[in-house]
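Open the model in your viewer and keep the selection panel at hand. The stops below say what to select and what is there.

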Amino acid sequence: MGFLIRLVITAIALWITTLIVPGVAVTGRNGANSAFTLLVVALIFGVVNAVLKPVIKVFGCVFYLLTLGLFALVVNALLFLLTDWIARGLHLPFHVDGFWAAFWGAIVMAVVSWLISVAVPDRLERS
């Protein structure tokens with residue numbers, strides 16, 4: 001149940017990101033298609049972050065230390081672009097227009113996901 005709640009939180013954060021950040025868009029034919037796309041892209045984003053982010057942190061720890069953690073912003077943008085690339089490969093109507101859209105999109109996604117996670121009671125996530 002916690003996985004589904006986390007997936008929905010990520011999908012909502014992604015939807016809000018498409019509303020706020022120019023260059024990040026879901027162009028579904030209708031609301032149901034867009035909602036499905038948001039859920040699938042949220043799943044892709046979660047898998048990409050779960051698999052690659054720890055590996056990148058290990059190999060890039062020097063860059064994280066030298067930049068006092070600012071390198072994480074670049075990594076998040078690149079992971080967001082990778083999510084876009086995978087979504088396009090699956091013919092999903094999700095698009096990120098370049099590095100800066102991915103950069104700001106990743107920041108908005110992180111902040112909105114955190115805010116929604118704070119609002120969701122812990123007992124729902126644990127079940």
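Predicted model: local features only at pLDDT ≥ 70, side-chain atom pairs only at ≥ 80, totals over all residues.

**Stop 1**

Residues are numbered from 1 along each chain as its sequence is written, and side-chain values use heavy atoms, with hydrogens and water left out.

Select residues 2–20 for helix 1 and residues 99–119 for helix 5; the two pack at an angle of about 135°, with their axes 8 Å apart. Axes are lines fitted to C-alpha atoms, for helices over the stretch in contact, and angles run from 0 to 180 degrees between N-to-C directions. Helices (H or I, at least four residues) and strands (E, at least two) are DSSP runs, numbered from the N terminus.

The crossing of helix 1 and helix 5 is right-handed, that is, the near helix is turned clockwise from the far one by less than a right angle. On helix 1, the contact is made by R6, I9, T10, I12, A13, L14, I16, T17 and I20, and on helix 5 by G105, V108, M109, V112, S113, I116 and S117. Contact means heavy atoms within 4.5 Å. By class, this contact of helix 1 with helix 5 has 10 nonpolar, five polar and one charged residues. Here Ala, Val, Leu, Ile, Met, Phe, Trp, Tyr, Cys and Pro count as nonpolar, Asp, Glu, Lys and Arg as charged, and the others, Gly among them, as polar.

**Stop 2: S113**

Stay on helix 5 and pick S113. Is S113 buried or exposed? S113 is buried, with a relative accessible area of 8%; buried means under 20%, exposed over 50%, and partly exposed in between (1.4 Å probe, protein chains only). Leaving out residues up to four places away in sequence, S113 touches R6, I9, T10 and A13.

**Stop 3: helix 2 and helix 4**

Next, select helix 2 together with helix 4 (residues 71–89), whose axes come within 9 Å and cross at roughly 135°. Helix 2 and helix 4 are therefore oblique to each other, and their crossing is right-handed. Helix 2 brings V41, I44, F45, V48, N49, L52, K53 and I56 to the contact, and helix 4 brings V75, N76, L79, F80, L82, T83, I86 and A87. By class, the contact of helix 2 with helix 4 has 12 nonpolar, three polar and one charged residues.

Also in helix 2 (residues 31–59) is S34. S34 is buried, with a relative accessible area of 18%. S34 touches V26 and G28, not counting residues up to four places away in sequence.

**Stop 4: two loop residues**

Most residues other than glycine have a negative phi. Select L68, in the loop between helix 3 (61–66) and helix 4: L68 is not a glycine, yet has a positive phi of about 55°. L68 is exposed, with a relative accessible area of 79%.

Then go to H91, in the loop between helix 4 and strand 2 (94–96). H91, also not a glycine, has a positive phi of about 60°. At 73% relative accessibility, H91 counts as exposed.

Note on methods
Parallel < 35°, antiparallel > 145°, perpendicular 65-115°, else oblique.
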